[in-house]
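Trainee: I am new to this structure and would like to learn how to read its features. May we take them in turn?

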Amino acid sequence: MKLTLNNLHLSPHEREGKLLKICEQKLHAPVKYFKILKKSLDARDKADIRWVYTVECSDRAEEAPPRVFARVKASPRVYIAGTGPAGLFCALRLIDHGIRPILLERGKPVEERVKDVEIFHKCGILSPDSNVQFGEGGAGTFSDGKLNTQTNTPLNREVLDLFVKFGAPEEIAFLNKPHIGSDNLRRVIAKMRTYVLENGGEVRFLSRLTDVETRDGVLSAVSVNGQKEDADALVLAVGHSARDTFEMLLSRGFSITQKPFAVGVRVEHLQSEIGKAQYGGGYLGLPPADYKLVSHAGERAAFTFCMCPGGVVIPAASEEGGVVTNGMSNFARDECNANSALIAQITPEDFGSAHPLAGVEFQRKLERAAFLAGGGKYLAPVQLMGDFLAGKESYYFGEVKPSYARGAAFAPLESYLPPAVVSSLRAAVPDMDRRLKGFAAFDAVLTGVESRTSSPVRIVRDESLQAVGKENIYPCGEGCGYAGGIMSAAADGLRVAERIAAKYF
Ligand SMILES: Cc1cc2nc3c(=O)[nH]c(=O)nc-3n(C[C@H](O)[C@H](O)[C@H](O)COP(=O)(O)OP(=O)(O)OC[C@H]3O[C@@H](n4cnc5c(N)ncnc54)[C@H](O)[C@@H]3O)c2cc1C
């Protein structure tokens, strides 16, 4: 007999083994199969914080049906530009269908990329093709690896299962707020690459898609580092920072539209203070606390985004002369600060131009202003929360020290952010503090500029997922405007692979 049991509660101090005993009582037999389907934390009542489970159990052992893979064929020649989640998951699914992916990646393998990022952090020497945005694994490699998504599709389950298959912690399959951590992500990505290679696929590093040719509206060739190669299909999984690639695609007649996004700063608090606010007194045995806040107190909606408990603020520039921030944490989430993006909405009306790439120029302007505000050398401009709210300059840090590895210099948000964003954030913070006590703490640190929250463009595709008027070219993932995080980008990669496979078989 197989049973699904909902709403099982454990206190943070109880062992999960207790769940097996509950299952045995319900089955009236020893448990031969047991699986946690969902696990979430209920911290609404601070005096009675509990884990809540849904489990599946049976008195018979489960046998998974073996999955049959097709043998990969040399033709058609399917190119995938980008090895972020969209490109990698697309490649994995093409292999399932017997199609050999040719992955092009402008950056380096993840092991070498990690070294380039370290050099940038220590010495301020930016490698334009190997950084936090570019290189194997894409933008999320140096991330918190949060795997929550607002999109509801059966593909989400497949994405999580694939992550586990390639070595991610098994708990991501059932936690309601799954997270891999940057340390695990790097290992998972390297294993995915090995799998692609072992199954006949090709992975080329330092290989940039530089041109696309069509004949009568049908893809005929791609150029890689300027060298032309025949191609049958192309997946554009280039991410939101591939500004030169967007320019190339625009010059080749692709339909590109402007897209809203959000900008602001990273805010850092002590993780222990966030724990106190969310859990009350003792929080031993509980995961590092997180939060998600929205406020409509100002002229524009402001919200927190990409919260990294126990993480660091990371220098995330990919262009020389620009400062960009983002957040990262390892699986343990054991750094002393918590950070999140504190951002306000930007719409195409703010761009000041109808040009399809005006949003890119808008981001670039803010990043250059932040670079100058930080005094050059990629130091980030920082201001204390209390001084920001009072409209004063900052001179000393309090208990919260900025974690931004390149170093920080005091400068007010006004020196690099648009006035409407500054005023909206100023109005939002006291409002947010009402819901998360201590959010407006005087010594919380605001580090700028958070400008790459999502793609400033959309490369328009039709119902068949092909670029409008460009047969066999598939815009995919976040950069092309079809995803907003690791999960949705990976799911879009699977979706596009299915469309390509359906065309050939
Ligand atoms: C520091 C950081 C932290 C983040 N944290 C999270 C998080 O915790 N959870 C979450 O869901 N999301 C997070 N994100 C966002 C997430 O990383 C992206 O949504 C996701 O990676 C998008 O996937 P993608 O495959 O569409 O594009 P990307 O991951 O950006 O991958 C694009 C790839 O294309 C390559 N490329 C670009 N141009 C070319 C070209 N012309 N030729 C060949 N290759 C090219 C790039 O080098 C890159 O590897 C974070 C992002 C950053 C930067």
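Mentor: Let us begin with Gln383, which has its place in strand 18 (residues 380-384). Please keep in mind that this is a predicted model.

Trainee: Does Gln383 count as buried or exposed?

Mentor: A residue is called buried when its relative accessible area is under 20%. Gln383 has 2% relative accessibility and therefore counts as buried.

Trainee: Which residues does Gln383 touch, apart from those up to four places away in sequence?

Mentor: They are Phe388, Lys392, Ser394, Ala411, Pro412, Leu413, Ala444, Val445 and Leu446. For Leu413 there is also a polar detail: its backbone nitrogen lies 3.1 Å from a polar atom of the Gln383 side chain.

Trainee: What stands opposite Gln383 in strand 20?

Mentor: Leu446 stands opposite Gln383 there. Strand 18 and strand 20 (residues 445-450) are paired in the antiparallel sense, over 3 bridges.

Trainee: In what order do the strands of this open sheet of 7 strands lie?

Mentor: The order is 13-14-17-12-20-18-19, and the pairing is mixed. Strand 13 (294-295) and strand 19 (408-410) are at the edges; each has a single partner strand, so one side of each has no neighbour in the sheet.

Trainee: Which strands of the sheet does helix 8 touch?

Mentor: Helix 8 (residues 358-373) packs on the sheet and touches strand 12 (261-270), strand 17 (337-346), strand 18 and strand 20. The direction of helix 8 makes about 35° with that of strand 12. Helix 10 (residues 419-435) packs on the sheet as well, touching strand 12, strand 13, strand 14 (302-308) and strand 17. Its direction makes about 130° with that of strand 17.

Trainee: How many bridges join strand 3 to strand 1, and how many join strand 3 to strand 2?

Mentor: Strand 1 (residues 2-10) pairs with strand 3 over 7 bridges, in the antiparallel sense. Strand 2 (residues 33-42) is joined to strand 3 by 9 bridges, and these two also run antiparallel. Thr4 has Glu56 of strand 3 as its bridge partner, while His9 stands opposite Val52 in strand 3. Phe34 stands opposite Cys57, again in strand 3.

Trainee: Is strand 3 mostly covered or mostly uncovered?

Mentor: Strand 3 (residues 50-58) is mostly covered, with 8 of its 9 residues buried. As a general idea, the side chains of a regular strand alternate between the two faces of the sheet.

Trainee: How does one describe two packed helices?

Mentor: One gives the angle between their axes and the distance between the axes. Here, the axes of helix 2 (residues 85-96) and helix 4 (residues 155-165) come within 12 Å and cross at roughly 90°. Helix 2 is therefore roughly perpendicular to helix 4. Phe89, Leu92 and Arg93 of helix 2 make the contact with Glu158, Val159, Leu162 and Phe163 of helix 4. These residues divide into 5 nonpolar, no polar and 2 charged.

Trainee: Let us turn to loops. Where is Ser207 found?

Mentor: Ser207 is found in the loop between strand 6 (202-204) and strand 7 (209-215).

Trainee: What surrounds Ser207, leaving aside residues up to four places away in sequence?

Mentor: Ser207 touches Leu104, Glu105, Arg106, Val224 and Asn225. The side chain of Ser207 has a polar atom 2.8 Å from the backbone oxygen of Phe205.

Trainee: In which loop is the place of Asp144?

Mentor: Asp144 is in the loop between helix 3 (110-123) and helix 4. With 1% relative accessibility, Asp144 counts as buried. Beyond residues up to four places away in sequence, Asp144 touches several others, among them His179, Ser182, Cys308, Met328 and Arg333.

Methods. Residues numbered from 1 in each chain as written. Predicted model: local features only at pLDDT ≥ 70, side-chain atom pairs only at ≥ 80, totals over all residues. Heavy atoms only, no water. Helix = DSSP H or I, 4+ residues; strand = E, 2+ residues; numbered from the N terminus. Contact = heavy atoms within 4.5 Å. Polar contact = N/O pair within 3.5 Å; in protein donor to acceptor, adjacent residues only side chain to side chain. Buried < 20%, exposed > 50% of the residue type's maximum accessible area, 1.4 Å probe, protein only. Pairing = 2+ DSSP bridges. Axes fitted to C-alpha atoms, helices over the stretch in contact; angles between N-to-C directions. Parallel < 35°, antiparallel > 145°, perpendicular 65-115°, else oblique. Nonpolar A, V, L, I, M, F, W, Y, C, P; charged D, E, K, R; others polar.
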